[in-house]
Amino acid sequence: MEEQAIYAIGIFLIIYALIISEKVHRTIVAMFGGLLMVALGIVDQETALHHIDFNTLGLLIGMMIIVSITADTGLFRFIAVWSAKKSKGKPMLILISLLLITAICSAFLDNVTTVLLMVPVTLSITRQLQIQPFPFLITQIMSSNIGGTATLIGDPPNIMIGSAVKELTFLSFITNLAPIAIIIIAVNIPIFVLLFRKQMTVKPELKKAIMEMDEKALITEPKLLYKCLTVLFVTMLGFFLHQSLHLESATVALSGGFLLLLLTGEHYMEEALAKVEWATIFFFIGLFVLVSGLIETGVIARLADYAIELTDGNLVATSMLILWLSAIASAFLDNIPFVATMIPMIQDMGNMGVTHLEPLWWSLALGACLGGNGTLIGASANLIVAQLSGKEGYPIKFMSYFKYGFPLMLLSIVISSIYIYVRYLI
């Protein structure tokens, strides 16, 4: 193996280990690793810039702007309280309502933003009902990752895959991944009811207090809400039509974001741009450059060659390998750097004679998104829920989550394996 390739592997493994350890913020570590690849001459600056996927970054920034302004209207608080009242204050029905809202919002916003908006409202409702929030929070974590699986914009791994593979449109993700996401949610709901039914006892007077809440008062800016919903509708329409319009998804998202800023004015611009998760954006930039070192030195191509040798080029075996490897790895590692590594590897498989790559892309998406449910550190949304809950005095322990999350994650991957095989490989 060439010296540069050895350096690239060494840097990648060290940076990956530091990201997992969480001793230093992952954005700082990823950017440092990417810059080290350039500083040591493994990739030059121009090549590194070429590997940064600005379509992924633009899509994230555009949607973050739209969501941050929409959150100011009180819409998400309204939806949560409205659903609690429609459930007649019954805790189990509230749990199911909130997890379904979380799944739907995660599909069309993104799962990190969704849980940031849903958790404070959930904690407020459980406080009023005087019940433990753990069942509500764990079901929302899992439904956010399942819901995020359904669309191009729901989860970062899907955004990255859709950006790398131009043939996979917004509509492609919905038609191929939404059905399995719906099936998995449908399978999980009765399991959640069985697991948590004994923790759902509430006094009648507490249910009455929920019913007396005025959800309409939570909509603080109705005029702004109208503008947000109009722009969100136009943006979603743009995603459905982006291929026929010959527009990248980033162009659609950024157009929506800046159209909303144009309609709302400078006051919202500074606030919206401040709420963009710039740490996440730079984390992606660092990762793209870090992985470029593995691509340019031929490491990824060799891994792809090894995977084909291992499965003998068999499409069924390769799909199952990618699905299960992605799921187990994403349960214990951050799925974003893992997917950043896997994308060029699958692309190289295409160069080596694997002609039908579509099952491999859907296997990667399902494994990476659903695998995040396996542990508390499996996805960013999981960590954010744990952090918000801990601040409010309800810490979620790793093992408390693991005993529910990991078996249910394995069940979802078994269902996904059957789905992939029946739909694409028979």
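## Terms and basis of the model

A residue is called buried when its relative accessible area is under 20%, exposed when that area is over 50%, and partly exposed in between, with a 1.4 Å probe and protein chains only. By this rule histidine 246, at 72% relative accessibility, counts as exposed.

The structure is a predicted model, in which local features need pLDDT of at least 70 and side-chain atom pairs count only at pLDDT 80 or more, while totals for chains, interfaces and linings use all residues. Residues are numbered from 1 along each chain as its sequence is written, and side-chain values use heavy atoms, with hydrogens and water left out.

## Overall form

The protein chain holds 21 helices and 0 strands, where helices (H or I, at least four residues) and strands (E, at least two) are DSSP runs numbered from the N terminus. The radius of gyration is 22 Å, close to the 22 Å that the globule rule gives for 426 residues, so the chain is as compact as a globular protein of that length. This radius is taken over C-alpha atoms, and the globule rule is 2.2 Å times the number of residues to the power 0.38. Along its principal axes, the C-alpha trace spans about 70 × 50 × 45 Å.

Of the 426 residues in the protein chain, 58% are buried. Among contacts (heavy atoms within 4.5 Å) with a separation of 6 or more, 82% are between residues 24 or more positions apart.

## Surface and charge

The protein chain exposes about 18100 Å², and carbon and sulfur atoms supply 67% of this area; accessible areas come from the Shrake-Rupley method with a 1.4 Å probe, and for residues only the protein chains shown count as cover.

There are 23 positive and 28 negative side chains, and the centres of the two sets lie 21 Å apart. Lys and Arg count as positive and Asp and Glu as negative, whereas His and the chain ends are not counted; the place of a charge is taken as NZ of Lys, CZ of Arg, CG of Asp or CD of Glu.

## Aromatic pairs

Rings of Phe, Tyr and Trp (its six-membered ring) pair if their centres lie within 6.5 Å, and planes under 30 degrees apart count as stacked, over 60 as edge-to-face and the rest as tilted. By this rule the count comes to 12 aromatic pairs. In one of them, the rings of phenylalanine 12 and tyrosine 16 have their centres 5.3 Å apart and their planes at 65°, so the pair is edge-to-face. These two residues both lie in helix H1 (residues 3-21), 4 residues apart, which is about one turn of the helix. Phenylalanine 12 counts as buried at 10% relative accessibility, and tyrosine 16 counts as buried at 11%.

The rings of phenylalanine 170 and phenylalanine 239 have their centres 5.1 Å apart and their planes at 15°, so this pair is stacked. The pair links distant parts of the chain, since phenylalanine 170 is in helix H10 (residues 170-196) and phenylalanine 239 is in helix H12 (residues 222-241), 69 residues apart. Both phenylalanine 170 and phenylalanine 239 are buried. Elsewhere, ring pairs join Phe134, Phe192, Phe196 and Tyr404 into a cluster.

## Residues within helices

Leucine 294 belongs to helix H15 (residues 278-296) and, at 4% relative accessibility, counts as buried. Although leucine 294 and glutamine 4 are 290 residues apart in sequence, they are 9.4 Å apart in space, C-alpha to C-alpha. Not counting residues up to four places away in sequence, leucine 294 touches Ala8, Ile9, Phe12, Val299, Ile300 and Thr341.

Serine 68 lies in helix H4 (residues 54-71) and counts as buried at 9% relative accessibility; with residues up to four places away in sequence set aside, serine 68 touches Ala272 and Lys275. Leucine 117 is in helix H7 and, leaving aside its neighbours within four places in sequence, is in contact with Val67, Ala71 and Phe76.

## Positive phi values in loops

Most residues other than glycine have a negative phi. Glutamine 130, however, has a positive phi near 55°; glutamine 130 lies in the loop between helix H7 (111-129) and helix H8 (134-148) and is exposed, with a relative accessible area of 58%.

Histidine 246 also has a positive phi, near 60°, and its place is in the loop between H12 and helix H13 (249-264).
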